[in-house]
Amino acid sequence: MKTTLQIVQERRWLPIKMILFGILIGIASAAVTVLYRFLLGQAETILFHVIGFTKGNLAYMLLWFVCLMILAFFVAKIVAWEGMCSGSGIPQVQGELKGYFDVNWWKLLVSKVVGGTLCIVGGLSLGREGPSVQLGAMAGKGFAKVAKMDKTKERYLITCGAGAGLSAAFNAPIAGVVFALEEIQKNFNSSMLVCVLAGCVTSDFISKNAFGMAPVFRFHIPDTIPLKYYGFLLVLGVLLGLLGVLYSTLLLKGQDLYGKLKGVRMEVKMMIPFLCAGILAYLLPNVLAGGHAMIELVTENCPPLGVLLLLLVVKSLFSSISFGSSAPGGIFFPLLIAGSYVGAIFGSVACEQFSISPIYLSSFIILGMAGFFTSIVRAPITGIILIAEMTGGFEHLLPLAVVSITAYMVAHMTGVEPIYESLLGRNIAKAGKAPEDEGEGTVVLTFMVGSQSMACDEMICNLPWPEHSIIAGIRRGNQEVVPSGDTMIRSGDTLLVLAEKEYLRMIMDSYQIISGEVEVEIPL
């Protein structure tokens, strides 16, 4: 068993190790995510080329429908081969970190890349961002497996890879860091932060070398919205909060409808969204794939209100049909497109009815994205930073915050769960999984005591510490304190805790509530 001094000395070098690991994971994640992003771009180009070539020729159009059915067949087989490649991928990563799943990393990488590409060739309304998060996470897991790392470091690298995947997908390194910690890991600590930061910056550097420095969305954005119009932002935030909940419900209802098709083969179910894509290809092609055509339409020359409403409704319904089928692909980008159209509709009405200058229409569009994302995902910090990075400017942070916080409050008050938590619960129920037992043995956990934590300025004996654990030591600056019941805990203290593996999750959750964030877990 390691001594307390050995544990402390090892912990001193942990940030350096985490930075090096982060750089390596950033490279691995970028390699997979950049490839995936390139393939999806080519797939979308092929899709619209085929539509243009076949439109107006009945024989060619029928032949394309045959090709779509073949694509659906192969996608269904891929999902049957590796079930964890279905859907967004973000709930699967969350489940992996919680111990519910143990995904085969290389099968996931192959199935997600191939399946996702085929879906975009077919025109399904799915995004690249959720899959990019999962691909990056599995690249991190693969690295940990090859290097024969323990479970704790594996979880660190999965989180790092997830953030790096989003960074490469959106050219948004800060958003990748925040998303990994706010939505994937759901806690902040220094070791994790430096690891994820190094991974996201590295991944972003490689992605920008491949795709250029331009932001994902190119808006002509004037000066920030004047303060006198902030009342409209509150109304927009309420609207986005309610519509975001409706959008989440629509996505889940899509899954429910497919679930009612008892006895229907997966291949047949998968043909439904591909058939819909074939019909829309010749009626309303802008709603196909991720939605780049829709965002270009609304930013270059905003169409009339009726057209905006039609595209929003059809895109939302088609996204539900596509995602509900369990096809490999995410909801991230399609929901941003839907949010942009809500913002465009609200902005058009505000400009027309309340004499607001039309130059602020682009601002309403990006505010719609941020608020809609926050309402559905409940990750407001990620939403604000993500949209700021995607549009290439941070001038709108204040209005973004106003709209996002309002949307968050409204969505939270409805009682509807965040979309990824709902999807995770469904995936767990579908798989019939329970968290894997940590097994017998003991580990050492270290916790940093925060200034606002329950433990700060309290004696050890007065706090509700969980069973099956013991505080073995306290590091205070350069001093080692041997704890007793009347030892006073101070802000900035590092607690060294012996914990039984069998109760590890319960112990970690309890200590995080009482004292602060977990830093590192060292097997003994």
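Student: Why is Asp-204 called buried?
Tutor: First, remember that this is a predicted model. Asp-204 has a relative accessible area of 7%. Buried means under 20%. The value falls under that cut-off, so Asp-204 counts as buried.

Student: What makes Asp-204 and Lys-208 a salt bridge?
Tutor: Their closest N and O atoms are 3.2 Å apart. The cut-off is 4 Å, from a Lys or Arg side-chain nitrogen to an Asp or Glu carboxyl oxygen. The pair is therefore a salt bridge. Both residues lie in helix 9, residues 190–211. They are four residues apart, about one turn of the helix. Lys-208 is partly exposed, at 22%.

Student: Which parts of the chain does the salt bridge between Glu-267 and Lys-77 tie together?
Tutor: The two side chains meet at 3.1 Å, N to O. Glu-267 lies in helix 11 and Lys-77 in helix 3, so the bridge ties together parts that are 190 residues apart in sequence. Glu-267 is buried at 10%, whereas Lys-77 is partly exposed at 37%. Arg-265 joins Lys-77 and Glu-267 in a network of salt bridges. A search of the whole structure finds seven salt bridges.

Student: What about the sulfur of Cys-200?
Tutor: Its closest cysteine sulfur is in Cys-160, at 6.5 Å, too far for a bond. Cys-200 is also buried, at 0% relative accessibility.

Student: What makes the aromatic pair of Phe-65 and Tyr-282 tilted?
Tutor: The structure holds 13 aromatic pairs. In the pair of Phe-65 and Tyr-282, the ring centres lie 6.4 Å apart, with 35 degrees between the planes. The centres are within the 6.5 Å limit, so the rings pair. Stacked needs planes under 30 degrees apart and edge-to-face over 60, so this pair is tilted. Phe-65 is in helix 3 and Tyr-282 in helix 11, 217 residues apart. Tyr-282 is buried, at 11%.

Student: How can Leu-63 be part of a nonpolar surface patch?
Tutor: Leu-63 is partly exposed, with a relative accessible area of 47%. Patch residues need over 30%, so Leu-63 passes that test. The patch covers about 680 Å², with Tyr-60, Val-66 and Ile-70 among its other members. Helix 3 gives the largest share, six residues, and Leu-63 is found in that helix.

Student: Is Gly-371 buried or exposed?
Tutor: Buried, at 0% relative accessibility. Gly-371 is found in helix 15, residues 361–377. Among the residues it touches are Leu-240, Val-403 and Ala-407.

Note on methods:
Residues are numbered from 1 along each chain as its sequence is written. This is a predicted model: local features need pLDDT of at least 70, side-chain atom pairs count only at pLDDT 80 or more; totals for chains, interfaces and linings use all residues. Side-chain values use heavy atoms; hydrogens and water are left out. Patches are made of residues with over 30% relative accessible area and no salt bridge: like charges are joined within 9 Å, nonpolar side chains (Val, Leu, Ile, Met, Phe, Trp, Tyr) within 5 Å. Accessible areas come from the Shrake-Rupley method with a 1.4 Å probe; for residues, only the protein chains shown count as cover. Helices (H or I, at least four residues) and strands (E, at least two) are DSSP runs, numbered from the N terminus. Buried means under 20% relative accessible area, exposed over 50%, partly exposed in between (1.4 Å probe, protein chains only). A disulfide is a pair of cysteine sulfur atoms within 2.5 Å. Contact means heavy atoms within 4.5 Å. Rings of Phe, Tyr and Trp (its six-membered ring) pair if their centres lie within 6.5 Å; planes under 30 degrees apart count as stacked, over 60 as edge-to-face and the rest as tilted. Lists of a residue's contacts leave out its neighbours within four places in sequence.
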